[in-house]
Amino acid sequence: MEVLGKVIGEGKSRVVYEYLLDPNWVVKVNKERVNYFGIKAVHDANADEYFWYNELKKVGLHTWLAECKYVDGLFLMRKADKLVPGKYVIPMWFKDTNADNWGLIDNKLVSIDYTWFHVKKQPTWYISDGKVKRREVSLEMFTSLKRKEIIVEE
Ligand SMILES: Nc1ncnc2c1ncn2[C@@H]1O[C@H](COP(=O)(O)OP(=O)(O)OP(=O)(O)O)[C@@H](O)[C@H]1O
Ligand SMILES: [Mg+2]
């Protein structure tokens, strides 16, 4: 049975389709692209997203991400509504403030494009007394970090 509906979006690494079995989910399909070495290859952005959803779930921060899962080999993500004009506040550890990569699910702000480069790796390294040191970032620090904004114009 055909489960892919209309194309509802496309980015550098994925094409996104309606999921005909359930309108609350979309299907994301990795695109073949030319990589750094000039070779055509598929970078599995979906697997990165799945990894991050499950990592952040361990610390309760997955609520910032649209839920994703694999069903019958297809990568599905909860369908989000487009952001309406306004000001949105997100945690500092997201690199991506492009409104196209954010949406609303049940009126709650979530990231819909969270491959690894969109999340800052923690813990960080720093230099003190001429030595490289590792700073462990506690969950409390991580969640209370300064916030940044996404502005969507009218
Ligand atoms: N969960 C979702 N719900 C609704 N629309 C979505 C969802 N995920 C993606 N889209 C739509 O598809 C577009 C492309 O998806 P996405 O940003 O994940 O692809 P990408 O190739 O990783 O993007 P980029 O070029 O930003 O790296 C989005 O900008 C959005 O319009
Ligand atoms: Mg995108």
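Guide: Strand 1 (4-10), strand 2 (14-19), strand 3 (25-30) and strand 7 (74-78) each supply at least two residues of the shell around ligand 1. This is a predicted model, where local features need pLDDT of at least 70, side-chain atom pairs count only at pLDDT 80 or more, and totals for chains, interfaces and linings use all residues. Residues are numbered from 1 along each chain as its sequence is written, and chains are lettered from A and ligands numbered from 1 in the order in which they are written.

Visitor: What makes a stretch a strand or a helix?
Guide: Both are DSSP runs, numbered from the N terminus: helices are H or I with at least four residues, strands are E with at least two. In the protein, that gives two helices and 13 strands.

Visitor: What puts a residue in the shell around ligand 1, and how many residues are there?
Guide: A residue is near a molecule if its C-beta atom, placed from the backbone, lies within 6 Å of it. For ligand 1 the shell has 21 residues. The closest are Gly9, Gly11, Lys12, Val16 and Asp113. Strand 1 gives the largest share, three residues.

Visitor: Which kinds of residue make up the shell around ligand 1?
Guide: Eight are nonpolar, five polar and eight charged. Ala, Val, Leu, Ile, Met, Phe, Trp, Tyr, Cys and Pro count as nonpolar; Asp, Glu, Lys and Arg as charged; the others, Gly among them, as polar.

Visitor: How do you know that strand 1 and strand 2 pair?
Guide: Two strands pair if DSSP finds at least two bridges between them. Strand 1 and strand 2 have four, and they run antiparallel. So they meet the rule. Gly9 stands opposite Val16, and Glu10 has Val15 as its bridge partner.

Visitor: Why are strand 1 and strand 6 called edges?
Guide: The open sheet has five strands in the order 1-2-3-7-6, paired antiparallel. Strand 1 and strand 6 (68-71) each have a single partner strand, so one side of each is left without a neighbour in the sheet.

Visitor: Why is Ile105 called partly exposed?
Guide: A residue is buried if 20 or more other C-beta atoms lie within 10 Å of its own, exposed if 12 or fewer, and partly exposed in between; C-beta atoms are placed from the backbone. Ile105 has 17 such neighbours, so it counts as partly exposed. Ile105 lies in strand 9 (residues 102-105). Of the protein's 154 residues, 16% count as buried.

Visitor: What does Ile105 contact?
Guide: Contact requires C-beta atoms, placed from the backbone, within 7 Å. Leaving aside neighbours within four places in sequence, Ile105 is in contact with Ala66, Arg78, Ala80 and Val110. Ala80 is 25 residues away in sequence, yet 5.0 Å away, C-alpha to C-alpha.

How values were computed:
Two residues are in contact if their C-beta atoms, placed from the backbone, lie within 7 Å.
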